[in-house]
Amino acid sequence: MRPRDSLCLALLTACLAALSLPTCVIGQDSATPAPAAISHFDPVAATNAYLATVPPDKRARSDAYFEGGYWLQLWDFLLGAGVALILLAGRFSARMRDLAERLTRRKPLQTLAYWIQYLLVITIVLFPMTVYEGFFREHKYGLATQNFGSWMGDQLKGILVGLVLGGIIVAVLYGVVRKLQRTWWLWGAVVSIVFLALVQLIAPIYISPLFNKYTRLTDPAVRDPILRLAHSNGIEADDVYVMDASRQTTRISANVSGFLGTERITLNDNLLNRCSLGEVETVMAHEIGHAVLHHVYGGLFFFSVILAIGFAYLRWAFDWVVKRKGTAWGIRGIGDVAGLPLVVLLFSIFFFVLTPIINTYVRTIEAEADLFALNAARQPDAEALVDLKLGEYRKLDPGPIEEFLFFDHPSGRSRIFMAMRWKAFNKAAAAQAGAPATSQNQRMQ
């Protein structure tokens, strides 16, 4: 558990349901076999051919990086749990609360004073692990571009954001708990859901620009195809923004962030500089797909249910622990801010156990966005080439159980196979209809 994530709810990975596409053409007998042309393109063979283009040393490097992340998830969880138990059993948390109470009599200000102490303590204690994961390890695998000073600057910004946003949510939540002793868990879930939605609403405009510079994309050769994709799918956007991610990383990425009027189409400069126009289009179609398929709202609903269950679990687990250890740890009850490390610990356990379920949901919507992109951009080979670039830091060909447990996106093999199967069926459909090699079909060559 990293310092800036101490109250965040971890999102990890899960399984991808196989997709099946219809093979018949309207007006043609479904019993009629597909034309011979389809036999000339085998999606499995095409997928294997793409994967074979990755040199063994690069495949081994990517696998080592991603597999190392499995262990880091476990060590982060155990380290965070250990820090929480030390704060509780050593009564450090109770002393921090006592200091906050001496500073002011106002409960909200006491909560803020405690939060500042808590965040600074865990930031310092977990700093060696944060440096290893976020700086040294990223440089070791050639994924980072920042020097240590610039990286530390971003970390300090993250701490300040955590102090402000974390202080607000903690103060509000503890205020709700103190006023609604019997139903605090239900209203706590409601407040957390509202806060989650609010952060998604303001992040593109007020938070993200703290860490990166956003400029309007002015090249019409790149901007106009992206806007055409957006407009043709109901996304009313006038601009496309470029983020200077290359100052931090070599990774390619893009997003359509925000909602309720704060939507912003963004691609990072690595995507712009490292990828062809076709690859840029298919990535942006994927991100537009998230918006068109209302994944933001679906995600809010999904995690609202998870949070409601989590707060119900917290009510039971917190009371159970406090009855046995509350006196020894100096915790007076659920409304006592000294119990915050216990709240963090219990939520960490809850989300750690739910990892496969959460991963299933996240990976499934990513697969939906992939399929949307294939139908919108119609460039399966560009999709495959992008997936190979993402394979620089994601394992390309995991086993099914491994993918189920640890992947928050479909694996490279799964994504490339989906693209090649789409290509096969679209070639077959064109052949069944007797269509000549149109410009659309030519784009798939």
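The protein chain has 17 helices and four strands; helices (H or I, at least four residues) and strands (E, at least two) are DSSP runs, numbered from the N terminus. Of its 445 residues, 49% count as buried, where buried means under 20% relative accessible area, exposed over 50%, and partly exposed in between (1.4 Å probe, protein chains only). Residues 24 or more positions apart account for 79% of the contacts in the chain with a separation of 6 or more; a contact means heavy atoms within 4.5 Å.

Residues are numbered from 1 along each chain as its sequence is written, and side-chain values use heavy atoms, with hydrogens and water left out. Because the model is predicted, local features need pLDDT of at least 70 and side-chain atom pairs count only at pLDDT 80 or more, while totals for chains, interfaces and linings use all residues.

**Nonpolar cores**

- A nonpolar core is a set of buried Ala, Val, Leu, Ile, Met, Phe, Trp, Tyr and Cys residues joined through side-chain atoms within 4.5 Å.
- The largest such core holds 48 residues, and Y118, L314, F318 and L342 touch the most other members.
- At least two residues of this core come from each of α2, α3 (92–103), α4 (107–125), α6 (148–179), α7 (184–207), α11 (295–329), α12 (340–353) and α13 (355–377).
- The largest share, eleven residues, is supplied by α11.
- Another core, of 31 residues, lies apart from it and has I252, L267, V280 and A285 among its members.
- Leaving out residues up to four places away in sequence, F318 touches I331, G333, I334, G339, L342, V343 and L346.

**The second largest pocket**

- A pocket is found on a 1 Å grid over the protein atoms alone, as an open set of points where a 1.4 Å probe fits, with protein on both sides within 12 Å along at least five of seven lines; lining residues have an atom within 4 Å of a point.
- The second largest pocket has a volume of about 350 Å³, a volume being the space filled by probe spheres set on the points, which are joined across faces, edges and corners.
- Its lining consists of 18 residues, with K58, L388, K389, G391 and E392 nearest the centre.
- Two or more lining residues come from each of α2 (56–89) and α14 (380–390), and α2 gives the largest share, four residues.
- The lining divides into seven nonpolar, five polar and six charged residues; Ala, Val, Leu, Ile, Met, Phe, Trp, Tyr, Cys and Pro count as nonpolar, Asp, Glu, Lys and Arg as charged, and the others, Gly among them, as polar.

**Helix α13 and positive phi values**

- The 23 residues of α13 should span 33 Å at 1.5 Å a residue, and its end C-alpha atoms are 32 Å apart, which agrees; the expected span is 1.5 Å times one less than the number of residues.
- Just after α13, R378 takes a positive phi of about 55 degrees, and this residue lies in the loop between α13 and α14.
- R91, in the loop between α2 and α3, has a positive phi of about 60 degrees although it is not a glycine.
- Most residues other than glycine have a negative phi.
- R91 counts as partly exposed because its relative accessibility is 34%.

**A245**

- A245 is found in the loop between β2 (240–243) and β3 (254–257), and is buried, with a relative accessible area of 3%.
- Beyond its neighbours within four places in sequence, A245 is in contact with N212, N268, D269 and N270.
- N212 is 33 residues from A245 along the chain, and their C-alpha atoms are separated by 6.9 Å.
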